[in-house]
Each structure stands twice: as structure tokens, then as C-alpha cells.
Amino acid sequence: MNKNFTPEDELLFLALGGSGEIGMNVNLYGYQGRWLMVDLGMTFSGQEYPGVDLVFADLSFIEDRADRLDGIVLTHAHEDHIGAVPYFAADLGVPLYATPFTGELVRRKLQEAGLEDDVELIIVEGTDKFEVGPFAISYVPLAHSIAEGNGLLIDTPFGRVFHTGDWKLDEEPIIGEPTTEEELCEIGDAGVLALVCDSTNVFNPVESGSEGAVYKGLHEEVARWHGRRVVVTTFASNVARLHTLGEVARATGRQLCVAGRSLDRIIEVAQDNGYLEELPPLVDFDTAMGLPRGEVLVVATGGQGEPRAALARMADENHPIELVKGDVVLFSSRQIPGNEIAIGRVQNQLAQRGIVMVTDRQSDIHVSGHPGRPELEALYTWLRPEILVPVHGEARHMAEQARLGSSRGIPHTIFQMNGDIVRIAPGKPGKLAEVESGRLVLDGDIIVPADGEAITMRRRLAREGVVVVALDAQGRATIEGIGLPLDEDYDAFVSETKEDIATALGKLKGAARRDRSEVYEAVRLATRRAATRWSGKRPQVRVLLPEN
């Protein structure tokens, strides 16, 4: 690797997103001056970024080297792997590679953004090799909680990399045909230089479970609530779960209704690609509301507490599907870390109205799409890699998987984080350097640094409040405090602050009385000290001075 971080006769790995967090996966492989990108994902904002919905990896490293990027290969269609495509793919200017189901969802994203003609999308069918620059790649079908989940086999002169993407082992996946144990052993027999592996569920001591087993749990729960309207919330992208719910509806004598635009889109794309062909006919909201309560099963988005999703609107009594006391909501999804408050808010609204809730902690109505420890150990045994590079997890997940791999005999394990350039081969594998990485946010219609002035100031305003002081030509102050916890003391605060400002201005002598910056700072400090004295807060203070 030269000083410009250009790969020479070596195989490099660099995560710009997804290593140190769960979400916004962006991985780069480098060889002979060229780069390959695997996935281009995003994550959803929490309270950390007020007023922001979407968070992206900072791609400046590869944007500065876009002429050396040969393509972007997408493993599957979850938002944390494809969600950033409409925002960055056109500027990167390279082809996208995807399987048919993933490709159609990506095409629709590009179409909605008006970029369908600006980004080349290449559909890869089957597991035959295709070339992206100096890399020879083939898809390896793996079970996951979405149709067409895939790992990648990346062939290089130094050996093969098995990049898992998101995966699990599932003997009854419902949708698709994952690569078998025998086939994975054959890959191992041919030699695997490095395994770049999902770490999400490394702390789970048991296997994640089969999608097929969820049918029994959901069937028992839906049948149990005879005579009541049942809503099931699940991830819209989980095509296998939608198939299962269609079978449950049929077996329990209920009509199936779906609530959520993302569900409509997934079902349409799935059926266009040969999935969900046996899904029962869907009924609309009016028909569903006209049926006896025990004769309808509603599948809804919003299990993560999203405020505009169908379930949140039902909880808020602002949706055509109306729930009443005694109705039932089944949460057939896991709680994503960071969404606890939002989910709790929706669940509390439902509970206050007497609506029964059942989660995966109470009943076997969900299984994860990521591997537990036994599944990781099995894959190590089958592939027998020389090197393990944990990805897709927070630091604790990846560190634990590195320990697990070492304990199971993998010769080299590499703990890396976003921005770490790792040499996989030749020679001893390990970290070489650190490059710029970080986060960007979509703020309104503009993509800006997550740690930029706008977001930082917004956090401060949310935490401490703001005071605006306007001075007239005579030096008299008008004060407006926003977000200070003063209530009945507010008028007294304003009165005393005006006195403090007058005192501060009176202390300015000579030229300082005519210096706008001196006046501004004197007023700002006097106001902030008064606000702190009265409220314990250190608000942002803005001073408006009269024109000269």
C-alpha cells in the first residue's frame, strides 16, 4: 500500500460502515490499485441527531478515489445494506450488481429518486462467477430474514474471501434454497483465505431457530384469540414471514389484510420474482373492518415504533384499521437496539386502551435472521478459514467473535473498526493504517456531517434552551427565553436579566462602548450568567444589535 492508501500487490479490507455499529454497512476490498465495494447501506436516526431520519457512512475516502472503484456488489435488500444507494451511487459512477429481487427493490429506489437512467444496475442470476475489475465474484445463497440473502465468494490471486453478508442456518427457510452444509464444506475444501463474518448474535448461546418453526407459534397464537381482531407486526422485508402469515390466515379461517406501503411494495416485488405465489387474496381496509372481528388477520408495519407506520397510527386511533379493547397485537419481530423508547411508546398507547400484546419473549412467534454461537462455530468448521474478520456488529460483538474464532482454532483473527485498513495478504494479516471515516446525516434535503455545527447546535438547543436578546438604539433589552424551566419565575428572570445587561453595558468604557463585538459579548455573558443562576441551564444566547 502506497502513501495514498492505494493497494499494491496485496489484498486489503476496509470497512467505512457497519464495523462498530449494527447498520449502514459499507465494505471495501482493495487489490492492485482497484477497489470493490460490498453493500451501501444506511441506518435510522435516534435521539442522537434531532430532526434527522437517515444516517449514512462517510464515503469521502472512496469518493476521493472513485476513479479506482470498479463496482458495488449488494448482498441483499435490507436497508442497512442498500439504503444509501439513491444518495451516493450516481456520484460514485460505477455499476451496481444485485440478484433479481434485490435489484428490483433497488431499481424502484433509483426510480423514485429520478436516477434510474444515471446508475447502471446489473442483475446477476444464479451462482456463476462474474468479474468486477480484478475480482472474480459469485453469490452464495444463505438463509436470512429476506428473500435472496447471499454471501459472496471473492476470488483473488492470494486466495478466496468468503464474505457472509447477513446470514443464519435454517433447515426450513420457507423461501429460497440456501447453500447446504455439504456445499459449504466443498468451499472449505477448496480453501478459504479469509472469512468476513456477521457478528450480530455472537452472544446468543443457541441457534437462532428455523423460520419454519415460527408457523407453529403464530398459528397457536392467532387461533388462541378466537373472536378477536388480530394484528401481526413484522419486518416488511421478511418475505418468508409473510408467506407464513398467509398460511396462518388460511388455517385459522381469517381473511388477510396488509397495512403499510412498504408491505405493499415488498409483496409486489416478491410476486414479480416468483415468491408469495400462494399468498391468499388480500382484502382492503373497508372490507377488513366489515368482517367479524375473528375473521381478519392484519399484517402491519411499525414494530420498531416508527411514528408514521401503520401500527403507531392504529395505536393513536388514526388509521382505517380500528382496534378496541380485547383486540390483539403480535410483535413478530425483534426489538432493534435503540428503538426501545419508540416501541415502548406505541405499546403503552395500546395497553392504555386495553389491547392485548404478545411479543417474542412470551411466545415463539419470531426467530432472528443472524447466527448464534452454534451456527458461527459450524461455519468455522465447514469453511476452515485461515483468517477471521468479524464485521456487522458493535465493538463488543466483533471482539467476542474474534475470541470465539480463536478458541475454535482459526489461526488469525482481526479486530477492526470503521476506518481501519487491514491487509489480508500477503504476509501476516493485520491492521496497516487508519483513514477518515464517520457519519453523515440527511438533514432536510441536505447531507451534512453528523458532527457538524448544525447538528451540534441543535443538540445544545434541545438540551439547554436558547435566549434571544434584542437591544434598541438606547441600549434597552427585549428578552425571549425558549426552553428554560422557569414557568412562574420567567418574568422575574427577564427583569433581573435586563438589570444585569444594563450593568454590563455600563462597565464598558471609551471605544469599547462603540465596539459591536464588545457590546455583543458583554450582553451575551450577562444573559447567560443570569439564565444559569435562575435555571441551572447554560443556554445558547443570541444578541441582536441595532444597525449603526
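Of the 548 residues of the chain, 55% count as buried. The model is a predicted one. Its secondary structure comprises 16 helices and 27 strands, and the C-alpha trace spans about 90 × 70 × 50 Å along the principal axes of the chain. When contacts between residues at least 6 apart in sequence are considered, 72% of them join residues at least 24 apart.

One of the facing pairs places Leu 152 opposite His 163 in β12.

On its other pairing, β12 meets strand β13 (residues 194–198) in the parallel sense, over three bridges. His 163 takes part here as well, with Val 196 as its bridge partner in β13. Strand β12 itself (residues 159–163) is mostly covered, with four of its five residues buried. The sheet continues from β13 to strand β19 (residues 387–391); these two run parallel and are joined by five bridges. Ala 194 has Ile 387 as its bridge partner in β19.

The loop between β12 and α5 contains Thr 164. This residue counts as buried because its relative accessibility is 0%, where the cut-off for burial is under 20%. Leaving aside residues up to four places away in sequence, Thr 164 touches Leu 142, Asn 150, Gly 151, Leu 195, Val 196, Cys 197, Asp 198 and Leu 379. Thr 164 lies 9.6 Å from Pro 141, C-alpha to C-alpha, at a separation of 23 residues in sequence.

A helix pair was also examined. The axes of helix α6 (residues 211–224) and helix α7 (residues 239–251) come within 9 Å and cross at roughly 40 degrees. The crossing of α6 and α7 is right-handed. From α6, the contact is made by Glu 211, Val 214, Tyr 215, Leu 218, His 219 and Val 222, and from α7 by Ala 240, Arg 241, Thr 244, Leu 245, Glu 247, Val 248 and Ala 251. Classified by residue type, the contact of α6 with α7 has eight nonpolar, two polar and three charged residues.

The other open sheet has three strands, in the order β26-β25-β27, and its pairing is mixed. Strands β26 (477–482) and β27 (540–544) are its edge strands, each pairing on one side only. On average, neighbouring strands of this sheet are turned by 15 degrees against each other, direction ignored. Strand β25 (residues 466–471) runs parallel to β27, and five bridges join the two. Within this pairing, Val 468 stands opposite Arg 542 in β27.

Helices pack on this sheet as well. Helix α15 (residues 490–506) touches β25 and β26, and its direction makes about 135 degrees with that of β26. Helix α16 (residues 516–535) touches β25 and β27, with about 140 degrees between its direction and that of β27.

How values were computed
Residues are numbered from 1 along each chain as its sequence is written. This is a predicted model: local features need pLDDT of at least 70, side-chain atom pairs count only at pLDDT 80 or more; totals for chains, interfaces and linings use all residues. Side-chain values use heavy atoms; hydrogens and water are left out. Two strands pair if DSSP finds at least two bridges between them. Axes are lines fitted to C-alpha atoms, for helices over the stretch in contact, and angles run from 0 to 180 degrees between N-to-C directions. Contact means heavy atoms within 4.5 Å. Buried means under 20% relative accessible area, exposed over 50%, partly exposed in between (1.4 Å probe, protein chains only). A crossing is left-handed if the near helix is turned anticlockwise from the far one by less than a right angle, and right-handed if clockwise. Ala, Val, Leu, Ile, Met, Phe, Trp, Tyr, Cys and Pro count as nonpolar, Asp, Glu, Lys and Arg as charged, and the others, Gly among them, as polar.
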